[in-house]
Amino acid sequence: MTPPSRIFNFSAGPAVLPEPVLEEAQRDLVALPGVGSSVLEVSHRSKVVTEIVETAEANIRALAALPEDVHVLFLQGGATQQFAMAPMNLLPDDGAADYVVTGSWAKKAAKEAELFGAARIAASTEAEAFARVPKASELALSPDAAYVHVTSNNTIYGTQWEVLPDTGDVPLVVDASSDIFSRPLDMARDGIGLVYAGAQKNLGPAGVTVVLVRKDLVQRADALSRTIPTMLRYSTYAASQSLYNTPPVFAIYLVGLVAKWLVAQGGLEAMAERNARKAQKLYAAIDRTDFYRGTAQPDSRSLMNVTMRLPSETLEARFIKEATAAGLAGLKGHRSVGGVRASIYNACPEAGVDALVDFMIQFERANG
Ligand code: PMP
C-alpha cells in the first residue's frame with residue numbers, strides 16, 4: 001500500500017511531526033521488534049514500557065545536555081495544567097511570584113497562580129496588543145519572588161524572547177510549549193528551575209507534557225502548608241519515574257523518537273541554525289513588500305510562529321483558502337487575533353517554507 005502523500009502542515013499544534021518518526025512508529029505499531037505486541041498493548045508495569053520511558057528520558061537528556069540535578073517528567077493535563085501545578089508546588093500561600101505577561105497563555109498562567117498566592121505582574125505588553133516582549137529594563141522583579149514565570153514563545157502573537165530575562169537568584173519557570181528544543185537550552189546558565197511544554201508542537205503528539213525541573217524545586221512542595229493531591233505533586237512523578245499510574249505510553253514513546261531524531265539532525269545547535277534560516281526566509285518575504293505586514297515587532301519576532309496580516313480580511317480568507325488548495329495547510333491565525341500564522345516548528349521542512357514563500361509571491365502578484 002502506498003502511503004497517502006503529505007502536504008506541508010503549518011498548524012500551531014498539534015503540529016507536523018518528522019516523517020521518519022511517523023514511519024518508525026508505523027513500522028512498529030503492530031508489533032514492537034522482539035516483543036510481538038504493539039506499544040499500545042503492553043502493560044505499563046512491563047519491562048518494555050519502563051524501557052520506553054527510560055529511553056525517552058535518556059534521549060531528552062542527551063539532546064539538551066541536562067544537568068544531573070534536573071528531573072525529566074512526563075505528565076498529563078497539557079501546559080494548562082502546569083499553569084496550576086507550578087504555583088501549587090512552588091508558591092507559598094503568603095508568598096508572591098512574578099509573572100511576565102506577554103500573551104494570553106501567560107495571562108492564564110498568572111490568573112491560575114492567584115489561586116495559590118500572589119501573582120505580581122512584573123511587566124505586561126497587553127496595551128501594545130502583545131506585539132513584543134518587554135525589555136529587561138521594563139521588568140519589575142523582586143528578589144523575594146518564589147519564582148519568575150515567562151512564556152518563552154508566544155504562539156498566538158508570534159513573539160519570542162531571544163534571550164530569557166536575568167532573574168538573579170530567583171528561579172525562572174518557563175512555559176516553553178511552542179519553542180522547547182528549537183534552540184539550545186542551558187538551564188544552569190539561565191537560572192531556569194522549571195520548564196514545561198505540551199508535547200504537541202515541538203515534541204510529539206498531544207497527551208503528554210514534558211517537565212524539566214530542578215530537584216530542589218521538586219522538594220519545595222514539602223515545606224508548603226497546603227495539601228497537594230498526589231497526582232499534582234512533582235515529587236510523585238520524580239519518585240516513580242513518571243510511572244505512578246498508567247502514563248500516556250504511546251505519546252511518551254513518540255516523544256522519545258522525536259528526541260532521537262533531533263539528536264540525529266545534529267542536536268539543538270543545528271536545529272537553531274535551521275530554524276533561524278527558515279524564519280528568516282519568511283520574514284524576508286513579509287518585509288519585501290507592503291502587501292504583507294508582520295504583527296510582531298522585529299526585535300521580538302518568533303522563529304516558530306510567523307504571524308502576518310494582509311490588506312483585508314477578505315484577502316486573508318482567500319490566501320488561506322488558496323494556500324490550502326495548494327497543499328499548504330494550517331495557516332489560519334489564532335481565532336482570537338485572526339490574520340495568517342505559519343508555525344514552522346522543528347519538524348517543518350525547509351522545503352515547506354520555500355513553497356510558502358513562492359505562494360506568497362504569486363498570491364501578491366495576483367491580488368496586490
Ligand atoms: N502555553 C502556550 C505557549 C501554548 O501555545 C499553549 C497551547 N497552544 C498552551 C500553553 C496550552 O497548552 P495545552 O493545550 O497543552 O494545555
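This is a predicted model: local features need pLDDT of at least 70, side-chain atom pairs count only at pLDDT 80 or more; totals for chains, interfaces and linings use all residues.
1. **Who surrounds the ligand.** The ligand is surrounded by G78, A79, T80, F83, W105, T151, N153, T155, D175, S177, Q200 and K201. Sorted by class, this shell has three nonpolar residues, seven polar ones and two charged ones. Helix α3, which spans residues 78-90, gives the most to the shell, with four residues.

2. An oxygen atom of the ligand lies 2.4 Å from a side-chain N or O atom of T155. A backbone N or O atom of A79 is 3.0 Å from a ligand oxygen. On the nitrogen side, a ligand nitrogen lies 2.9 Å from an N or O atom in the side chain of K201. As for cover, the ligand has 400 Å² of accessible area on its own, and the protein covers 85% of that.

3. **The pocket.** Which pocket does the ligand take up? The space taken by the ligand is the largest pocket.

4. **N153, a shell residue worth a click.** N153 is among the residues around the ligand, and it lies in strand β6, residues 153-154. Is N153 buried or exposed? N153 is buried, because its relative accessible area is 1% and the cut-off for buried is under 20%. The side chain of N153 also makes a polar contact with the side chain of N305, at 2.7 Å.

5. **Two residues of helix α9.** Helix α9 covers residues 313-325, and T324 has its place there. E316 is found in helix α9 too. E316 has 5% relative accessibility and therefore counts as buried, whereas T324 has a relative accessible area of 44% and so is partly exposed. The side chain of E316 reaches the backbone nitrogen of L310 at 3.0 Å. For T324, have a look towards F8: the two are 316 residues apart in sequence, while their C-alpha atoms are 9.2 Å apart in space.

6. **L203 and A15.** L203 sits in the loop between β9 (192-198) and β10 (209-214). With 3% relative accessibility, L203 counts as buried. Its C-alpha is 9.4 Å from that of A15, and 188 residues separate the pair in sequence.

7. **The cis bond at P14.** Which two residues does a cis peptide bond join? The bond is between G13 and P14, with omega at about -10°. P14 belongs to the loop between β1 (8-9) and α1 (19-29). This one deserves a mention because most peptide bonds are trans.

8. **Two positive phi values.** A129 has a positive phi, near 55°, and is not a glycine. A129 is placed in the loop between β4 (118-124) and β5 (148-151). At 54% relative accessibility, A129 counts as exposed, since exposed means over 50%. Q241 is the other entry here, with a positive phi near 55° in a residue other than glycine. Q241 is found in the loop between α6 (234-240) and α7 (249-264). Its relative accessible area is 29%, so Q241 is partly exposed.

9. G117 is in the loop between α4 (104-113) and β4. Is G117 buried or exposed? With a relative accessible area of 12%, G117 is buried. G117 and L90 are 27 residues apart in sequence, and from C-alpha to C-alpha they are 9.8 Å apart.

10. G267 is found in helix α8, residues 267-287. At 11% relative accessibility, G267 counts as buried.

Definitions and conventions:
Residues are numbered from 1 along each chain as its sequence is written. Side-chain values use heavy atoms; hydrogens and water are left out. A residue is near a molecule or strand if one of its heavy atoms lies within 4 Å of it. A polar contact is a pair of N or O atoms within 3.5 Å; within protein, one must be able to donate a hydrogen and the other to accept it, and residues adjacent in sequence count only if both atoms are side-chain atoms. Accessible areas come from the Shrake-Rupley method with a 1.4 Å probe; for residues, only the protein chains shown count as cover. On a 1 Å grid over the protein atoms alone, a cavity is a set of points where a 1.4 Å probe fits but cannot get out, and a pocket is an open set with protein on both sides within 12 Å along at least five of seven lines; lining residues have an atom within 4 Å of a point. A molecule sits in a cavity or pocket if more than half of its atoms lie within 2 Å of its grid points. Ala, Val, Leu, Ile, Met, Phe, Trp, Tyr, Cys and Pro count as nonpolar, Asp, Glu, Lys and Arg as charged, and the others, Gly among them, as polar. Buried means under 20% relative accessible area, exposed over 50%, partly exposed in between (1.4 Å probe, protein chains only).
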